[in-house]
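User: Hey, I'm new to this one. Can you walk me through it?
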Amino acid sequence: MLCGPWWSCRRPPEEPPVPARAAAPLELPPASPECGARRPGLRALKKMGLTEDEDVRAMLRGSRLRKIRSRTWHQERLYRLQEDGLSVWFQRRIPRAPSKHIFFVQHIEAVREGHQSEGLRRFGAAFAPARCLTIAFKGRRKNLDLAAPTAEEAQRWVRGLAKLRARLDAMSQRERLDHWIHCYLHRADSNQDSKMSFKEIKSLLRMVNVDMNDMYAYRLFKECDHSNNERLEGAEIEEFLRRLLARPELEELFHSYSGEDRVLSAPELLEFLQDQGEEGATLAHAQQLIQTYELNETAKQHELMTLDGFMMYLLSPEGAALDTAHMCVFQDMHQPLTHYFISSSHNTYLTDSQIGGPSSTEAYVRAFAQGCRCVELDCWEGPGGEPVIYHGHTLTSKILFRDVVQAVRDHAFTLSPYPVILSLENHCGLEQQAAMAHHLRSILGDMLVTEALDPQNPEELPSPEQLKGRVLVKGKKLPAARGEDGRVLSDREEEEEEEEEEEGEAEAAEQRRRAKQISPELSALAVYCCATRLRTLCPGPGPPQSCRVSSLSERKAKKLIREAGNSFVRHNARQLTRVYPLGLRMTSANYSPQEMWNAGCQLVALNFQTPGYEMDLNTGRFVINGQCGYVLKPACLLQPDSTFDPECPGPPRTTLTVQVLTAQQLPKLNAEKPNSIVDPLVRVEIHGVPADCARRETSYVLNNGFNPRWGQTLQFQLRAPELALVRFVVEDYDATSPNDFVGQFTLPLSSLKQGYRHIHLLSKDGASLSPATLFVHIRTQGS
């Protein structure tokens, strides 16, 4: 093996002599020869820690685990950690393409012990909980429910995966890149002799997504072949990799500030930071960056930064496009709920289409893991007095209401402490409504809000901070004057538009009769989110009724924005509005949430199970503020007397200029075809008020997904920059068919840092594509 696992292949270099300022360039020593060994020695492994770890060693040997898919389908399969430490190989009954036999550690969302998944609770009774574990993945990949032969072996995988995930999270981008290239190097070494022929080097280049000219590739090969034997080994391989991974654009940038001595002093680094537009850049901050990112101890002692340290900094979160100050909760969380965009899910229980897809409590767990704070429960009459959740009048499967409430209790606050709203679409009769209320109270206990926090002002909405760790119920409310028999509501409390539009005609009359009957037990739980049909945008006489929530289809919301934009903005400054997709979207497709955010709608509900640009926008909107699911609306959307109209936002106020420079290590779209290499182009999209929406793209680069260069400038004029999202998209150009998606990253313009920045790309499912990045220069100017 050309390099050992990533936890063992980096050794601190020996220190070079201290350079005099303005003397010869400070060079890093060559890579450790241990990195070229077939297997790293025990001493090196022990030094780095993890390969001496008994749990990891057991995973490297492999385990025969039972995969559980149903009551009768329990198949034994071999699972083994690969030597790269980043992927797990598993056996299949019918062999498939190599990429279909592995999963990656970085794609794991969580590892749960015992019967802590829907699958194991339903089908794992034959196996003791201590022997069971569930691997939950990011994106749409199904959970992996496993049973080990013994409890100890199950624990080895639980502990081992936890250690590997922690080590992966701690890796710098440079370490990830170093490991990534060595893994491909190992694969390209066809005879595993730790030497690379030119044919194997060409194979490596195709693997990493570059079709290099044969003459140029051979010249580079021969320049590194110091032994002149048509083979690269040891230090020659490392030299080849250094040349392959060189970043000329970063070297040029570095040398423009460092001068002839090829190192940056703290004052020179400060000059770079100031030119970047870093707020509050000081000499002390520059010195701190050197201590954090410089790899060379001698340079660090003299407060100097080498090119490697400079690259480490620019590849770190501090050098990324997303402002690190916005990655934690930085906004005021003490304002009323109406002042926030709230991450919201539609038909949360579905894992696929709304016609025949399965329903699952795991869909709620995944939504919470994505920062969702408002989930939907479509409640219908079930057998044995137990209400069920499914998409009515369709072939979707059914799950118990109480199981969903238990999933809310167990998972709602794992990512965010801020309140969760349960949006009830109620089709049950009075008896099962009472059962719903009982389950909510008995399972959620003190989490559930059952009375106003301030009895003196029951109509005043509290803040997310006041409601930390609490669950709100959005549902219909009986009028104050009523009997105890759950009578039919008056016309003023008609069912929500959502229920009217989505029901089939066959049972419509019966369902309308039931929906108008509200049990007092369930009505009592609608404290701050009382579902009300929107009849007018004009506020009525008397105090504002901020506890009312209206649900609108996307069509109705678009009509209001188009015909009464400012009135709708003012309405949403006073009370909550939920928007949901049309029922005609049979495949659970989404609409653009940006249109609704432009008007201040708080609960813009999307099908979280359906990837696409719409979910990219949702992720981008809520990627800030600690990904807590609450983002403060811009000031123009907060005042009840606001004059803002998204259809007429005024003249341009901001110019955004994006210079697309280069990309690095873009993923291959077809790993099974060695000659399939991407022709990448970059598109920058603005999503905001209609007058701001725009997209510009670069030309494509032929046959190079490894280090394509563009150097092209894209410019945008913005009228409402405070609402704008910027989406960076990389596609594989195709002249005869639609381009293929490669990766993307979306963020608010207000969180986009200026200067030279790396953009860390995400897959269609939102998983990291590390080490794939874009390198850009950003400039924003106010008019």
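Analyst: First, pLDDT is the predictor's confidence in each residue, on a scale from 0 to 100. This is a predicted model, where local features need pLDDT of at least 70, side-chain atom pairs count only at pLDDT 80 or more, and totals for chains, interfaces and linings use all residues. Residues are numbered from 1 along each chain as its sequence is written, and side-chain values use heavy atoms, with hydrogens and water left out.

User: What does the pLDDT average for the protein?
Analyst: The average is 87, and 88% of the residues score at least 70. Over residues 1–48, though, the pLDDT is below 50. Residues 481–504 stay under 50 too.

User: Switching topic: in what order do the 7 strands of the open sheet come?
Analyst: The order is 4-3-2-1-7-6-5, with antiparallel pairing. Strands are DSSP runs (E, at least two residues), numbered from the N terminus, and two of them pair if DSSP finds at least two bridges between them.

User: Which strands stand at the edges?
Analyst: Strand 4 (102–104) and strand 5 (108–113) do; each has a single partner strand, so one side of each is left without a neighbour in the sheet.

User: And how many bridges join strand 5 to strand 6?
Analyst: There are 5, and strand 6 covers residues 132–137. Val111 stands opposite Ile135 in strand 6.

How values were computed: Contact means heavy atoms within 4.5 Å. Helices (H or I, at least four residues) and strands (E, at least two) are DSSP runs, numbered from the N terminus.
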